[in-house]
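Here's a quick briefing for anyone meeting this structure for the first time. Have a look at it, then read on.

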Amino acid sequence: MIFAINEINKNPEMLPGVRIGYKIYNNCGTMDILRAALALVSGLKTEVSDENCTKSDTVQAIIGHSGSSPTIAFAQVVGRFQIPVISHFATCACLSNRKEYPTFYRTIPSDYYQSKALAKLVKYFGWTWVGAIAVNNEYGLNGIAAFIQAAEDYKVCVEYSEAFSSSDPPHALQEIVQTIKHSTAKVIIAFMSHREIKLLASELYKENITGLQWIGSDAWITDPSLTDSIGYTILLGSLGFTVTKATIPGLEEYLKQIHPSQFPDSQFVRDFWEAVFDCSLNKTVNPQKKPCSGFESLQTVSLQFTDMTEFRFAKNVYKSVYAVAHALNSLFKCDDARPFSNASCYAPKHFQPWEVLEYLNSVNFTTSDGERVYFDDNGDSPARYELVNLQMQNRGTMEGETVGIFDASLQDDSQFIMSNISVVWGNGLTEVPVSDCSKKCLPGTYKVLQKGKPICCHDCIPCPAGEISNLTESPQCMKCPPEFWSNKERDACIPKLIEFLTYNDILGILLAIFSLLGIFLTMITTLIFYNYKETPLVRANNSELSFLLLFSLTLCFLCSLTFIGRPSEWSCMLRHTAFGITFVLCISCVLGKTIVVLIAFRATLPGSNVMKWFGLAQQRFSVLALTFVQVLICILWLSISPPFPFMNLSLHEDIIILQCHLGTTIGFCAVLGYIGLLAVLCFVFAFLARKLPDNFNEAKFITFSMLIFCTVWITFIPAYVSSPGKFIDAVEIFAILASSYGLLFCIFLPKCYIILFRPEQNTKKHMMERTSKTDAQY
């Protein structure tokens with residue numbers, strides 16, 4: 001402070017013709033500090049030796065105090081006199097309250113920003129479960145309260161919050177030690193002074209409580225006296241924010257030129273001098289020590305007092321003095337930016353502290369090392385901190401190594417920046433310690449809060465099937481899209497298995513084999529009938545309709561193959577229409593053969609002329625006409641609402657069944673209904689003609705085939721409706737194959753047997769004999 005005042009007084013551009021004076025009260029204790037402040041307010045009573053100096057009755061500004069509690073005690077009182085108070089170290093956020101402390105300014109950032117920076121630091125390292133300990137005064141309690149509020153925004157929970165002071169009885173400290181011992185939080189926020197942290201570290205060291213990561217406030221994190229305390233190694237690796245390092249040009253040289261003669265009334269200078277040079281300035285007080293020669297110089301010694309590398313808070317004093325000087329300079333120069341209008345220029349002896357106070361609000365200057373100084377509406381300075389890490393140095397001392405910065409003037413997401421310097425962690429850990437109430441919920445799980453505990457305490461529940469969480473600490477699981485399903489780990493959605501009847505399935509292979517076998521048997525039957533087409537057996541059973549029936553059966557066996565394979569738009573339309581048309585063609589042939597049997601019997605009756613009305617042309621036309629009706633039904637079906645492929649997502653949760661949707665059930669029912677109608681007619685006609693006197697009457701075989709056909713398709717309907725997934729296609733194929741085999745075996749197998757193994761029965765003579773015996777019975 002004295003250096004800054006001397007520098008200002010020597011500067012011709014600052015306050016020309018005016019010298020700044022000062023009075024320093026070197027008192028400790030809140031009451032003594034309050035008395036000193038009141039003395040400054042009431043006026044200086046000391047004599048001024050310079051006769052040309054005109055002093056003010058009261059001080060124009062008070063620099064100090066360094067502590068928040070003493071400052072709180074006198075700032076309200078001084079504020080009533082409109083005297084500005086500028087502190088270099090009082091950080092309590094409560095002092096920003098302009099209603100309570102209207103004249104308070106500070107060149108150190110408010111604890112509001114420090115608390116916010118500490119909360120960001122905790123969040124940066126992933127700590128969600130911390131303890132908090134504060135000194136039991138306004139500084140500590142307000143600092144911890146601001147930290148807890150800021151921590152809530154980052155979802156950081158405080159397990160416990162305790163407070164004590166160095167004047168508390170021993171049991172109060174012991175209770176806090178036991179709280180720390182039995183807690184699960186491994187990170188502790190300590191908002192206290194160097195006195196309290198040394199007491200706490202000493203007790204923890206005695207109890208052998210280690211493994212803690214300390215996060216300190218600026219009041220103790222860089223205090224050089226920490227190494228002198230018992231158990232200071234407990235604090236090794238601590239992290240904390242403090243004001244940035246600064247340089248004050250010329251201060252080191254000034255300090256090295258200090259001599260007791262310059263401060264004859266300073267007890268501090270006398271004690272300091274005697275301690276450094278191990279001599280006595282007063283022989284009568286310390287006769288056992290050698291007397292000081294008076295020629296000692298600080299230029300020849302290396303002291304912490306003259307070490308400029310760690311100047312942090314002293315720069316704030318320097319800035320405080322210059323802030324007052326700039327305010328006075330603007331006041332005396334009649335600065336155009338003066339805050340009150342209609343005011344004339346002021347002589348040094350004609351101004352009041354409240355006028356200095358008004359000019360302090362508009363102070364804005366840059367120091368010689370490039371730092372900008374100004375005050376906001378609450379009297380606070382710009383908040384910029386260095387993050388320091390207490391590391392052991394080679395000389396055995398514990399000092400703060402800068403490992404990051406915090407600048408509140410930047411945007412929120414870029415205020416906190418870590419440097420590349422490695423961090424020493426508490427208790428010698430090589431990795432970032434973990435401090436969580438519960439383990440982090442990994443992807444595949446989600447958080448469920450534990451009843452009655454803070455939000456940081458939770459259980460990790462696996463996501464249910466069909467849902468995933470791909471983030472750590474996910475609050476809930478997300479449902480997979482309809483065509484996807486969760487994997488085994490429940491951290492990703494994977495495409496569902498698509499299932500349909502394929503040629504790779506055993507069921508598909510078996511059905512395909514039976515279809516091909518049916519085609520093969522039909523072709524063999526066709527070949528046999530073709531080779532024996534001139535025999536009486538083939539000719540007597542309407543060979544043309546028989547060949548057309550065999551052709552239609554071949555198509556029936558072939559159309560069953562269209563139900564196997566991946567459904568597509570064309571295959572869905574083809575499989576149902578082809579099935580409907582080929583089966584109608586098949587049944588039409590059977591119906592034609594049945595009608596021929598009935599008409600043939602009528603034609604043998606005397607006087608009957610009916611056979612000419614159902615000749616070969618009429619048979620062909622009836623088959624085509626009956627089939628054409630089914631073709632029209634299929635065309636209408638395809639025109640109105642054709643079958644189409646669709647993904648059945650409702651049958652299985654994790655499998656997509658690829659099926660052919662009927663489009664409209666009415667179309668499918670019409671196709672089946674028409675086939676059923678023809679089958680019933682055929683069955684009725686065949687049943688009526690089963691015992692007609694004809695050697696080669698095949699009506700009874702048609703009756704059996706239609707009985708099988710109708711039975712198969714009647715049972716098909718409930719089986720089709722209740723079959724799941726790809727089995728619905730298998731049921732339809734089975735119905736097609738079963739009915740086709742029924743027609744093939746019942747109608748053609750007996751004939752093939754006679755042709756191949758009973759050729760003697762395949763003669764006209766045998767036919768006539770058989771017919772005559774039958775007529776005799778009737």
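Which side chain meets that of D412 in a salt bridge? It's K120, at 3.1 Å, N to O; a salt bridge here is a side-chain nitrogen of Lys or Arg within 4 Å of a carboxyl oxygen of Asp or Glu. Keep in mind that this is a predicted model, where local features need pLDDT of at least 70, side-chain atom pairs count only at pLDDT 80 or more, and totals for chains, interfaces and linings use all residues. Residues are numbered from 1 along each chain as its sequence is written, and side-chain values use heavy atoms, leaving out hydrogens and water.

**Salt bridges**
- By that rule, the count comes to ten.
- D412 sits in the loop between β12 (398-407) and β13, and K120 in helix α4 (residues 111-124), so the pair ties together parts 292 residues apart in sequence. (Helices are DSSP runs of H or I, at least four residues, and strands are runs of E, at least two, numbered from the N terminus.)
- K120 is buried at 9% relative accessible area, while D412 is partly exposed at 45% (buried means under 20%, exposed over 50%, partly exposed in between, with a 1.4 Å probe and protein chains only).
- D407 and R384 also meet in a salt bridge, at 3.6 Å, N to O.
- That pair links strand β12 with strand β11 (residues 384-392).
- K315, K319, D369 and E371 are linked in a salt-bridge network.

**The sheet**
- Eight strands make an open sheet, in the order β5-β4-β6-β7-β8-β11-β12-β13, with mixed pairing (two strands pair if DSSP finds at least two bridges between them).
- β5 (157-164) and β13 (416-418) stand at the edges with a single partner strand each, so one side of each has no neighbour in the sheet.
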